[in-house]
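Here is a structure to explore step by step. Take a moment to turn it around before reading on.

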Amino acid sequence: MGLKTLHLNLQSFFYLAAGVNHFINPEFYYPLIPNYFIYTKAINLLAGFFEMLFGITFLFTRTRNFAVYGILSMLLAFIPSHIYFIQTGSCIEEGLCVPEWIGWFRLIVIHPLLIWWAWSQRLRH
């Protein structure tokens with residue numbers, strides 16, 4: 001297995017597992033959705049569904065670019081959630097609570113790396 005295939009499989013598993021977790025543990029995600037959004041439960045379910053969809057379609061050559069652009073769109077759509085998490089002091093009552101620098105690190109380092117990682121998998125025609 002080559003390095004590109006390994007990255008492809010890891011990324012596929014990453015999004016598939018994250019998507020499944022939205023259904024298994026939805027209470028974790030609800031407080032991470034900014035309170036100015038309505039339909040929190042629907043947003044969580046849609047996020048989980050699309051993470052699973054993109055994780056699966058990522059594996060197939062015919063649908064890989066669909067998955068890449070879907071992941072990129074999804075990651076951009078998640079930015080308000082990261083900002084909201086920082087605004088809460090990187091601590092959700094009875095939920096995820098980390099030092100504030102970790103919230104910033106997620107937004108300005110991890111998130112761009114995830115965007116780059118998805119972009120690196122696109123097929124060029």
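What follows is a short walk through a helix, some aromatic rings and a sulfur link.

Keep in mind that this is a predicted model, so every value here is computed from its atoms.

Let's start with helix H3, which runs over residues 40–57.

Now look at which parts of H3 are tucked away. Asn44, Ala47, Gly48, Glu51, Met52, Phe54, Gly55 and Thr57 are buried. And what covers them? The cover includes helix H1 (3–24), helix H2 (26–29) and helix H4 (64–77). Phe54, one of the buried residues of H3, also belongs to an aromatic cluster, together with Phe49, Phe50 and Phe66.

That brings us to the aromatic rings. A pair of them is described by the distance of the centres and the angle of the planes. The model has 9 aromatic pairs. In one of them, the rings of Tyr36 and Phe37 have centres 5.0 Å apart and planes at 45°, so this pair is tilted. Are these two residues buried or exposed? Tyr36 is exposed, because its relative accessible area is 53% and the cut-off is over 50%. Phe37, at 35%, is partly exposed.

Compare that with Trp101 and Phe105. Their ring centres are 6.3 Å apart and the planes meet at 70°, so here the pair is edge-to-face. Where do these residues sit? Both lie in helix H6 (residues 100–119), with 4 residues from one to the other, or about one turn of the helix. Trp101 counts as exposed, with 58% relative accessibility, while Phe105 is partly exposed at 38%.

Finally, find the sulfur link. A disulfide is a covalent bond between the sulfur atoms of two cysteines. How many does the model have? The count comes to 1 disulfide, and the partners are Cys91 and Cys97, with sulfur atoms 1.9 Å apart. The angle about the S-S bond is -105°, and the link is left-handed. Cys91 is partly exposed, with a relative accessible area of 30%, and Cys97 is partly exposed too, at 48%.

Technical notes. Residues are numbered from 1 along each chain as its sequence is written. This is a predicted model: local features need pLDDT of at least 70, side-chain atom pairs count only at pLDDT 80 or more; totals for chains, interfaces and linings use all residues. Side-chain values use heavy atoms; hydrogens and water are left out. A disulfide is a pair of cysteine sulfur atoms within 2.5 Å. Buried means under 20% relative accessible area, exposed over 50%, partly exposed in between (1.4 Å probe, protein chains only). Rings of Phe, Tyr and Trp (its six-membered ring) pair if their centres lie within 6.5 Å; planes under 30 degrees apart count as stacked, over 60 as edge-to-face and the rest as tilted. Helices (H or I, at least four residues) and strands (E, at least two) are DSSP runs, numbered from the N terminus. The expected span of a helix is 1.5 Å times one less than its number of residues. Contact means heavy atoms within 4.5 Å.
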